[in-house]
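Colleague: Could you take me on a close look at one part of this protein, the open sheet and what packs around it? I'd like the cut-offs spelled out as you go.

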Amino acid sequence: QVDLVESGGGLVQAGGSLRLSCAASGTIFRVNIMAWYRQAPGKQRELVAVFASSGNTNYADSVKGRFTISRDNAKNTAYLQMNSLKFEDTAVYYCNLKTSVFPGSTWYDYWGQGTQVTVSS
């Protein structure tokens, strides 16, 4: 079992910055992927950024160049630095962790409770 606790959301003006944190606790295997998703009102949840245990990262086209995902493996914490925020970035942001004992085995999937990010125009 893994618990994910997000923090750092809030209200910010367009053009501003926020930093989200996701602290993970519990059984996390060596193979893992930490990611941020978001869900705006009336829209489907979408992937924002991914940071795999291999070191690979990936971003949604809409946030490339503005958002940066990072990890502190010693603290089992992932971060999402969001710069140049836009009104359309307004959403509930969710932390996600997928972990597997070894490549090709069953993935365990966990979600945080979400943190609201509101960007005023």
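Modeller: Gladly! Of the 121 residues of the protein, 43% count as buried, where buried means under 20% relative accessible area, exposed over 50% and partly exposed in between, with a 1.4 Å probe and protein chains only. A word on the source: this is a predicted model, in which local features need pLDDT of at least 70, side-chain atom pairs count only at pLDDT 80 or more, and totals for chains, interfaces and linings use all residues. Residues are numbered from 1 along each chain as its sequence is written, and side-chain values use heavy atoms, with hydrogens and water left out.

The protein has 11 strands and zero helices; both are DSSP runs numbered from the N terminus, with helices being H or I of at least four residues and strands E of at least two.

Now to the sheet itself. Four strands form an open sheet in the order β1-β3-β8-β7, with antiparallel pairing; two strands pair if DSSP finds at least two bridges between them. At the edges are β1 (2–7) and β7 (67–72), each pairing on one side only. From one strand to the next, the twist averages 15 degrees, using axes that are lines fitted to C-alpha atoms (for helices over the stretch in contact) and angles from 0 to 180 degrees between N-to-C directions. Strand β7 is joined to β8 (residues 77–82) by six bridges, and the two run antiparallel. Ile69 stands opposite Leu80 in β8.

Strand β3 (residues 18–26) holds Cys22, which is buried, with a relative accessible area of 0%. Not counting residues up to four places away in sequence, Cys22 touches Leu4, Val5, Glu6, Met34, Trp36, Asn76, Thr77, Ala78 and Cys95; contact means heavy atoms within 4.5 Å. Ala35 is 13 residues from Cys22 in sequence and 9.5 Å away in space, C-alpha to C-alpha.

Leu4 has its own set of contacts: leaving aside neighbours within four places in sequence, its partners include Cys22, Ala23, Cys95, Tyr110 and Trp111.
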